[in-house]
Amino acid sequence: MKKYVAEFIGTLVLTLFGCGSAAISGGIDGALGIFGIAMAFGLSIVAMAYVIGDVSGCHINPAVSLGVFLNKGMTAKDFVGYVIAQFLGGIAGAGILYGIITCTGLGAVAEVGLGQNGYDEVSYVGLNMAGALLVEIILTFVFVFTILGVTAKAKTGTVAGLVIGLTLTFVHILGIPLTGTSVNPARSFGPALLVGNGTALSQVWVFIVGPLVGAAIAAVIYGLLCKEKEEASEEK
């Protein structure tokens with residue numbers, strides 16, 4: 001249960017601070033801009049990794065949990081428990097952000113947004129649905145592939161949180177103008193559910209399916225390219 005609570009808290013923090021930075025600062029054209037928003041997501045991961053990493057591994061993302069599960073790094077029971085905790089954390093984080101925005105003079109939540117993802121008219125560059133799905137698959141592949149690699153070696157364990165946070169930052173730098181960057185179904189579902197915008201909820205499937213597909217591909221390729229070599233090195 002401690003692992004599930006840790007995943008709930010971690011996902012809540014990621015959603016609140018990452019999505020909150022995007023919503024409250026005015027988005028891409030706001031005070032923080034692309035780099036600032038990307039850093040908010042990355043630093044959230046870094047902070048949580050060094051707090052709950054020893055408790056749950058700090059997945060705080062169903063796509064990451066899927067990659068670890070397919071790589072035989074967790075049981076089916078834990079996978080289900082992690083995913084439930086992560087989705088609840090994403091909803092809770094979006095709920096807190098909703099409450100904060102309603103206490104400001106920024107405007108209605110439906111207009112300000114909760115940092116939700118989107119495509120077509122919601123995308124800053126007008127990316128269509130197929131493009132959004134492809135982008136999320138690619139970005140999540142890179143993110144999960146990196147996580148599987150950096151957490152597999154004991155010698156990189158002390159810097160894993162920093163590497164993962166920086167990787168999340170750089171995928172956001174590319175992805176924010178395209179889709180807002182999901183790479184995390186729980187982070188996308190919470191804001192889409194609560195924003196009160198029908199478009200966000202109707203499009204959220206892309207930001208659930210895309211990251212899960214990207215994570216599955218990452219797990220398969222990592223297993224084929226890297227895992228056997230690492231196991232052989234450990235035996236020596």
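Helices (H or I, at least four residues) and strands (E, at least two) are taken as DSSP runs and numbered from the N terminus. The structure is a predicted model, in which local features need pLDDT of at least 70 and side-chain atom pairs count only at pLDDT 80 or more, while totals for chains, interfaces and linings use all residues. Residues are numbered from 1 along each chain as its sequence is written, and side-chain values use heavy atoms, with hydrogens and water left out.

Met-74 is located in the loop that lies between α3 and α4. With a relative accessibility of 13%, Met-74 counts as buried, a term that denotes under 20% relative accessible area, as against exposed at over 50% and partly exposed in between (1.4 Å probe, protein chains only). Contact is defined as heavy atoms within 4.5 Å. When neighbours within four places in sequence are left aside, the contacts of Met-74 are His-59, Ser-65, Val-68, Phe-69, Phe-79 and Tyr-82.

Helix α3 itself is mostly covered, with seven of its nine residues buried. These are Pro-62, Ala-63, Val-64, Ser-65, Leu-66, Gly-67 and Val-68. The N-terminal end of α3 is capped by Asn-61, a side-chain oxygen of which lies 2.8 Å from the backbone nitrogen of Ala-63. Just after α3, a positive phi of about 65° is found at Lys-72.

A nonpolar core is a set of buried Ala, Val, Leu, Ile, Met, Phe, Trp, Tyr and Cys residues joined through side-chain atoms within 4.5 Å. The largest such core contains 59 residues, of which Ile-60, Leu-97, Phe-143 and Leu-168 touch the most other members. At least two residues of this core come from each of α1, α2 (33–56), α3 (62–70), α4 (76–102), α6 (129–150), α7 (160–175), α8 and α10 (206–235). Apart from residues up to four places away in sequence, Phe-143 touches Asn-61, Val-64, Ile-164, Thr-167, Leu-168 and Val-183.

Helix α1 (residues 2–25) packs with helix α8 (residues 185–194) at an angle of about 65°, and their axes are 10 Å apart. Axes are lines fitted to C-alpha atoms, for helices over the stretch in contact, and angles run from 0 to 180 degrees between N-to-C directions. From α1, Thr-11, Thr-15 and Cys-19 make the contact, and from α8, Ala-186, Arg-187 and Pro-191.

Asn-117 is buried, at a relative accessible area of 4%. Its side chain is joined to that of Arg-187 by a polar contact of 3.3 Å, that is, a pair of N or O atoms within 3.5 Å; within protein, one must be able to donate a hydrogen and the other to accept it, and residues adjacent in sequence count only if both atoms are side-chain atoms. A polar atom of the Asn-117 side chain also lies 3.3 Å from the backbone oxygen of Thr-179.

Gln-116 is placed in the loop between α5 and α6 as well. A polar atom of the Gln-116 side chain lies 2.8 Å from the backbone nitrogen of Leu-114. Beyond its neighbours within four places in sequence, Gln-116 is in contact with Arg-187, Pro-191, Ala-192, Val-195, Asn-197 and Ala-200.
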